Amino acid sequence: MFLIKCPYCGERDQQEFKAGGEAHIERPKQPTELSDDEWAEYLFMRKNIKGVQFERWNHAHGCRKWFNMVRDTSNDEIKAIYKMGEKPPAQ
Amino acid sequence: MRNKYSVFSLIKNALSYHENWQRAWKDPAPKKEYDAVIVGGGGHGLATAYYLAKKHNMNNIAVVEKGWIGGGNTGRNTTIIRSNYLWDASAGLYDHALKIWEGLSQELNYNVMFSQRGVMNIAHNLQDVRDLKRRTHANRLNGIDAVYLSTEEVKKFCPIINTSPDIRYPVLGGTLQRRAGTARHDAVAWGYARGADAMGVDIIQNCEVKGIKRNGDSVEGIETTKGFIKTKKVGVVAAGHSSVIANMAGLRLPLESKPLQALVSEPVKPIIDTVVMSNAVHAYVSQSDKGELVIGAGTDDYVSYTQKGSHQIVEGTLNAILELYPIFSRMRMLRQWGGIVDICPDASPILSKTSIKGLYFNCGWGTGGFKATPGSGDLFAHTIANDEPHKLNAAFNLNRFVSGDLVDEHGAAAVAH
């Protein structure tokens, strides 16, 4: 349980948000040319990092907008929050 | 020589004030080389080592554990054991485990307090009713005992449940597996550790794996906080930390690690003599032999390794429990904790070889691994010893995420899983 500073609404309880998993997984540009291995990699394989991880979150019970977060999964400390489409901060 | 536990050894040791019991397992320093090393000294890892030694004559092996044995999810779960899964592959896997549970205390000469008190899953809406009926039929076709219960039969089997039709989560029916039940989780780890140790397995605690050494596509050994250990076979049974170990070997797994919570109440007189699971509201209750209510909650939806979990998850579970069991309204909760569970996209485990020769993973048990401990160890030992899966775990390979042949138990078997 922690507070999240939504880039549109400000600081709110984590309960209002929905976690959307690992960020910056780009949808393949040529899906028809992908091998089964590449599809598996895109669909299922995750870094699942213990430490600093880039994630997507959605303010589900607020503005309903998506945004990105950099969070340390070993202690739930939020390092940075940035809007969709913005460049991720260097870590 | 390992002394056998019996009523005579109990009397003998009582005469010396229980001060001369033999150590249940040794505390060895790691050797330079082993035939196989198991990473993770929880129930599954220790069971794997036990069956490698017992059934496959691999005695020059070690279990390395970063903390103390059974201190992770083995000691954090709600001890529920059942095998009423929907799909054939899962039914085979979990019922294999349940059959071993039935004779485990005798086999290990260690009382794991396996209690077949039955597990009842209850339905709260029409879709639950349809799903549970379907699952009952599927179970029976697979030779797993299952019966469907009406609301009245649920009430008769567990009288403290509120079956009034006007509550938030009305009870519309349920299923019962009578062979299911609970066991003492610590005893499972200790019993397997003692059994493996007696056959020459080195159990090395406080030994964290820091790296996996590869030579091309084969494993050469592991770097640990107690030095380098040479081995050609590494079986990783690290639950929530499986991805961390996989990353060391340059692999990615289809896992997300999330906190799962449980809590226990103050001890009270016997009030609930079975296990009741409510899948739709993610609340399950049983009572330990000490008299505490053991309550399982759900997972958080974000990746975290904190072993804590959010308050609102517990609050939601307790809201549901209070409505289903009004008699618990004045119970006080004593302890709450979290464990990190590794969840697969299809909510089924992975017991598999990998693209690296000699590296095996047993992971992805998610929120329901305890029940499978003996079967998981047995099948994983077979996979490591023969470099081929047993037919019961062949479906649970890593390649299913490439082929698309998933074993989708999400929502299919009782969700709370």
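Trainee: What are the ground rules for the numbers?

Mentor: This is a predicted model: local features need pLDDT of at least 70, side-chain atom pairs count only at pLDDT 80 or more, and totals for chains, interfaces and linings use all residues. Residues are numbered from 1 along each chain as its sequence is written, chains are lettered from A and ligands numbered from 1 in the order in which they are written, and side-chain values use heavy atoms, with hydrogens and water left out.

Trainee: Back to helix H9 of chain B. What span should its 14 residues have?

Mentor: 20 Å, at 1.5 Å a residue. The expected span is 1.5 Å times one less than the number of residues. The end C-alpha atoms of H9, residues 373-386 of chain B, are 20 Å apart, which agrees.

Trainee: How many residues of H9(B) are buried?

Mentor: 11 of the 14, so H9(B) is largely enclosed by the rest of the structure. Among them are B:Pro374, B:Leu379, B:Phe380 and B:Ile384. Buried means under 20% relative accessible area, exposed over 50%, partly exposed in between (1.4 Å probe, protein chains only).

Trainee: Switching to aromatics. How many pairs over all chains?

Mentor: 16. Rings of Phe, Tyr and Trp (its six-membered ring) pair if their centres lie within 6.5 Å; planes under 30 degrees apart count as stacked, over 60 as edge-to-face and the rest as tilted. Take A:Phe2 and B:Tyr302: centres 5.2 Å apart and planes at 70°, so the pair is edge-to-face.

Trainee: Which charged ends sit over rings, B:Arg194's for instance?

Mentor: The charged end of B:Arg194 sits over the ring of B:Tyr5, 3.7 Å from its centre. That of B:Lys133 sits over B:Tyr148, 5.1 Å from the ring centre. The test is NZ of Lys or CZ of Arg within 6 Å of the ring centre and within 35 degrees of the ring normal. B:Tyr5 itself is partly exposed, at 29% relative accessibility.

Trainee: Now sheets. What is the strand order in the open sheet of four?

Mentor: E1-E12-E11-E10 of chain B, with mixed pairing. E1 and strand E10 (209-215) stand at the edges with a single partner strand each, so one side of each lacks a neighbour in the sheet. Two strands pair if DSSP finds at least two bridges between them.

Trainee: How many bridges join E10(B) to E11(B)?

Mentor: Six, and the two strands run antiparallel. B:Gly211, for one, has B:Glu223 in E11(B) as its bridge partner.

Trainee: Last topic. Which residues touch the most other members of the largest nonpolar core?

Mentor: B:Leu46, B:Tyr51, B:Trp101, B:Leu104, B:Val112 and B:Tyr192, out of 48 residues. A nonpolar core is a set of buried Ala, Val, Leu, Ile, Met, Phe, Trp, Tyr and Cys residues joined through side-chain atoms within 4.5 Å. H9 of chain B is one of the elements that supply at least two residues of this core.
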